[in-house]
Amino acid sequence: MSLPLEGLLVIEFSQFLAAPSAGLRLADLGARVIKIERPGAGEAGRQIAIKNLFVDGSSLVFHTINRHKESYAADLKNPEDLARVRQLLARADVMTHNFRPGIMEKIGLDYDSVRALNPRIVYGVVTGYGPTGPWATKPGQDLLVQSMSGLTWLSGTAADGPTPFGIAVADIICGSHFAQGLLAGLLKRGKTGRSVLVEASLLESVLDMQFELLTTHLNDGGQLPRRGAVRGTAHPYLSAPYGIYPTQDGHLALAMGNLPQLDETLNGGILAAYPEPASWFEHRDAIAEKLTAALREKPTKDWLVTLEPLGIWCAEVLNYQQATASPGFQALGMQQQVTLPDGQQLATTRCPIRIDGRKLYSPQAAPRPGQHTAEIDREFHLTNS
């Protein structure tokens, strides 16, 4: 089966996580993605290590978002290398970068210069905080963006202070938005035949991710979110039972439950103490404590057997070992093996999208720095002139 983006050429100057993750998604969907990297060292993201884990000379983080790409080594300060890159851009459909404002202008690869080379190119830019404004030159780093967007005041309890997410949520959501924008740019180009500028920023993406909260904040007199005092209360704007509760042998997540039905089933005395639904948010901590006392009496699986037939949305809380060994995870086929240049295998996840019922696997691992330079030079007849 052919993939939707086959035949599309993407030139990626992007580094670290956000923009390269968009390139990964385009590659998963069939595009040919060529990374422009510094000779020798490659892009800076190769050195960002989680738990100091390196594979084939690059960080494990790099491998998670750069599989199925090619690497072209070029020193953009070298006129001969820059000339070859410009020839490559003249043939491309999409170009992406996430350099600070002003960098691409200095080397003549800004939007106006590139569309003069290629009037049909979709030119994509990721910034930290937008191209202008007081924060435009501030480092676009995930934790900083979480902190400056209000996001860190949503997790944990009221006593915890600001609590960041344990994954790079700003990078991940921005990469998703950026991929959407690039695909929209390609559609527009198909209609107009002209180049399109696509821009996304980490901050705008995280603000958009919080649309539910911000809409409430902007229409509720500017009230701040109120996290619960009981550990496990999961949403600053939802009342009990929404949250995670300890059981006899683990934890149970309760989502959209019918509180009267739940109280009757648990014999928790909640409705006797708080009969009015309007009071459930105000007293959610006390309700959560009553739920905790009742749910501690039985193992998680017993509660699932009892509550699921009643239509109460609940789930066992799994750690990563349990989740990856679960039948649900196995049925999805989310794990795949990619082959490193030395022939070793690396376990990772596949693209989450299916096309015509087909799961999308890509066994090609991330490239070594400059691995494909010579063959790309030959294929595209790139010269120094």
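## The big picture

Let's start with the parts list: this protein has 16 helices and 15 strands. What you're looking at is a predicted model. Its C-alpha atoms fill a box of roughly 85 × 50 × 40 Å, taken along the principal axes.

Of the 385 residues of the protein, 44% count as buried. If you take the contacts with a separation of 6 or more, residues 24 or more positions apart account for 68% of them.

The largest nonpolar core has 37 residues. Leu8, Val10, Ala31, Val94, Val145, Phe178 and Leu182 have the most contacts inside it. Several elements give two or more residues to this core, including helix H1 (18–28), strand E7 (122–127), helix H7 (169–192) and strand E14 (351–355). Helix H7 gives the most, with 8 residues. Apart from this core lies another one, of 25 residues, and among them are Ile34, Met104, Leu109 and Leu382.

Leaving out residues up to four places away in sequence, Val10 touches Leu26, Ala31, Arg32, Val33, Ile34 and Val94.

## Helix H1, tucked away

How many of the 11 residues of H1 are buried? The count is 10, so H1 is largely enclosed by the rest of the structure. Among the buried ones are Ala18, Pro20, Gly23, Leu24 and Asp28. Following H1 comes Gly30, whose phi is positive, near 115°.

Phe16 isn't a glycine, yet it has a positive phi of about 65°. For context, most residues other than glycine have a negative phi. Phe16 is partly exposed, with a relative accessible area of 37%.

## H1 meets H7

The axes of H1 and H7 come within 7 Å and cross at roughly 50°. That angle makes H1 oblique to H7, and the crossing is right-handed.

Which residues of H1 and H7 make the contact? From H1 you have Ala18, Ala19, Ser21, Ala22, Arg25 and Leu26. From H7 come Asp171, Cys174, Gly175, Phe178, Ala179, Leu182 and Leu183. Sort the residues of this contact by class and you get 9 nonpolar, 2 polar and 2 charged.

## H10 meets H12

Now for another helix pair. Helix H10 (residues 259–266) and helix H12 (residues 284–295) pack at an angle of about 40°, with their axes 10 Å apart. H10 and H12 are therefore oblique to each other, and their crossing is left-handed.

H10 brings Leu259, Leu262 and Leu266 to the contact, while H12 brings Ile287, Leu291, Ala294 and Leu295.

In the loop between H10 and helix H11 (270–273) you'll find Asn267. Asn267 has a positive phi of about 55° although it is not a glycine. Asn267 is exposed, with a relative accessible area of 69%.

Setting aside residues up to four places away in sequence, Glu70 touches Arg32, Val33, Ile34, Lys35, Pro367, His372 and Ile376.

Ala253 is found in strand E10 (residues 251–254). With a relative accessible area of 22%, Ala253 is partly exposed, because the cut-off for buried is under 20%. Not counting residues up to four places away in sequence, Ala253 touches Gly243, Ile244, Trp313, Cys314, Ala315 and Val317. The C-alpha atoms of Ala253 and Ile312 are separated by 11 Å, and these residues are 59 residues apart along the chain.

## A cis peptide bond

One last stop: the bond between Ala240 and Pro241 is a cis peptide bond, with omega about 20°. Most peptide bonds are trans. Pro241 lies in the loop between helix H9 (211–218) and strand E9 (243–246).

Definitions and conventions
Residues are numbered from 1 along each chain as its sequence is written. This is a predicted model: local features need pLDDT of at least 70, side-chain atom pairs count only at pLDDT 80 or more; totals for chains, interfaces and linings use all residues. Side-chain values use heavy atoms; hydrogens and water are left out. A nonpolar core is a set of buried Ala, Val, Leu, Ile, Met, Phe, Trp, Tyr and Cys residues joined through side-chain atoms within 4.5 Å. Buried means under 20% relative accessible area, exposed over 50%, partly exposed in between (1.4 Å probe, protein chains only). Helices (H or I, at least four residues) and strands (E, at least two) are DSSP runs, numbered from the N terminus. Contact means heavy atoms within 4.5 Å. Axes are lines fitted to C-alpha atoms, for helices over the stretch in contact, and angles run from 0 to 180 degrees between N-to-C directions. Angles under 35 degrees count as roughly parallel, over 145 as roughly antiparallel, 65 to 115 as roughly perpendicular and the rest as oblique. A crossing is left-handed if the near helix is turned anticlockwise from the far one by less than a right angle, and right-handed if clockwise. Ala, Val, Leu, Ile, Met, Phe, Trp, Tyr, Cys and Pro count as nonpolar, Asp, Glu, Lys and Arg as charged, and the others, Gly among them, as polar.
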